[in-house]
Amino acid sequence: MSNLVGKSAVVAAGAKNLGGLISTTLAEQGVNVAVHYNSASTEPDADKTVAAVQAAGAKAIKVQGDLTRPANVTALFDAAVGAFGGVDIAINTVGKVLRKPIVETTEAEYDSMFDINAKAAYFFLQEAGKRLNDNGSVVTIVTALLGAFTDGYSTYAGSKSPVEHFTRAAAKEFGVRGINVNSVAPGPMDTPFFYPQETPERVEFHKSQGMGNRLTEIEDIAPLVTFLVDGGHWITGQTIFANGGYTTR
């Protein structure tokens with residue numbers, strides 16, 4: 001039997017794509033899940049994921065909110081504690097991708113990228129530190145671009161890179177209560193967020209840099225996240241590059 005049976009998780013952006021798979025993978029291990037989603041257009045996906053979690057035998061709720069506002073992060077954890085009696089696991093898959101040259105990037109784009117990728121991540125970590133049960137776990141999804149040397153992604157890699165520093169500090173600060181805190185850095189992922197940013201030629205190049213001539217798939221990442229909150233609990237303060245050899249540091 002899984003060590004996770006009866007525990008509870010908050011999964012930010014947990015309705016679809018990687019977040020959705022993490023939600024259902026945790027549920028299969030007996031974890032109750034608060035499925036967060038941002039916009040009304042994603043609510044049908046949240047409903048499907050809640051149903052899948054329940055079908056796996058776990059409890060589930062859905063919670064909408066813009067996590068760039070810290071009050072909404074607090075409300076998300078409030079909802080999970082109210083539904084499940086406590087929270088043991090906090091997974092943040094929230095992110096926004098932008099590929100644009102520095103000289104063309106607007107202030108509004110810069111602000112949006114840092115609000116979504118850095119500010120929301122910071123206050124999610126903060127709330128997790130306040131609210132998680134002892135011996136809990138936190139994982140934030142970042143990007144393999146933190147180890148890459150490339151053009152175009154200044155605000156994406158730039159706004160994800162602070163999460164490494166947040167993670168290390170949180171690992172030290174929360175470790176006194178047995179909470180491990182890590183970041184996972186996938187390679188370019190085969191999801192709808194990736195393709196609008198790239199040309200077909202660049203997609204083929206990205207594929208060529210990974211094992212098996214393919215992109216990272218969400219199925220490559222969800223088991224790693226599950227491991228970090230279970231058997232990999234002794235790992236903390238790390239950024240784990242899971243990208244099929246796409247890049248390293």
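Q: Is Arg 214 buried, partly exposed or exposed, and what is its relative accessibility?

A: Happy to start there, and remember that this is a predicted model. Relative accessible area sorts residues into classes: under 20% is buried and over 50% is exposed. Arg 214 has 35% relative accessibility, so it counts as partly exposed.

Q: Which residue does the side chain of Arg 214 meet in a salt bridge?

A: A salt bridge is read from the distance between a side-chain nitrogen and a carboxyl oxygen, with a cut-off of 4 Å. Here the partner is Asp 220, at 2.8 Å from N to O. Asp 220 is partly exposed too, with a relative accessible area of 33%.

Q: How many salt bridges does the structure hold, and which residues are linked in a network?

A: There are 12 salt bridges. The network links Arg 99, Asp 151, Glu 198 and Arg 202. Within this group, Arg 99 and Asp 151 meet at 2.9 Å, N to O. Arg 99 sits in the loop between strand E4 and helix H4, while Asp 151 is in the loop between strand E5 and helix H5, 52 residues apart.

Q: What does the salt bridge of Arg 177 and Asp 134 tie together?

A: The closest N and O atoms of this pair are 2.7 Å apart. Arg 177 lies in the loop between H5 and strand E6 and Asp 134 in strand E5, so the bridge ties together parts 43 residues apart in sequence.

Q: How many helices and strands does the protein chain have?

A: The chain has seven helices and seven strands. Its radius of gyration is 17 Å, close to the 18 Å from the globule rule for 249 residues, so the chain is as compact as a globular protein of that length.

Definitions and conventions. Residues numbered from 1 in each chain as written. Predicted model: local features only at pLDDT ≥ 70, side-chain atom pairs only at ≥ 80, totals over all residues. Heavy atoms only, no water. Helix = DSSP H or I, 4+ residues; strand = E, 2+ residues; numbered from the N terminus. Rg over C-alpha atoms; globule rule 2.2 N^0.38 Å. Buried < 20%, exposed > 50% of the residue type's maximum accessible area, 1.4 Å probe, protein only.
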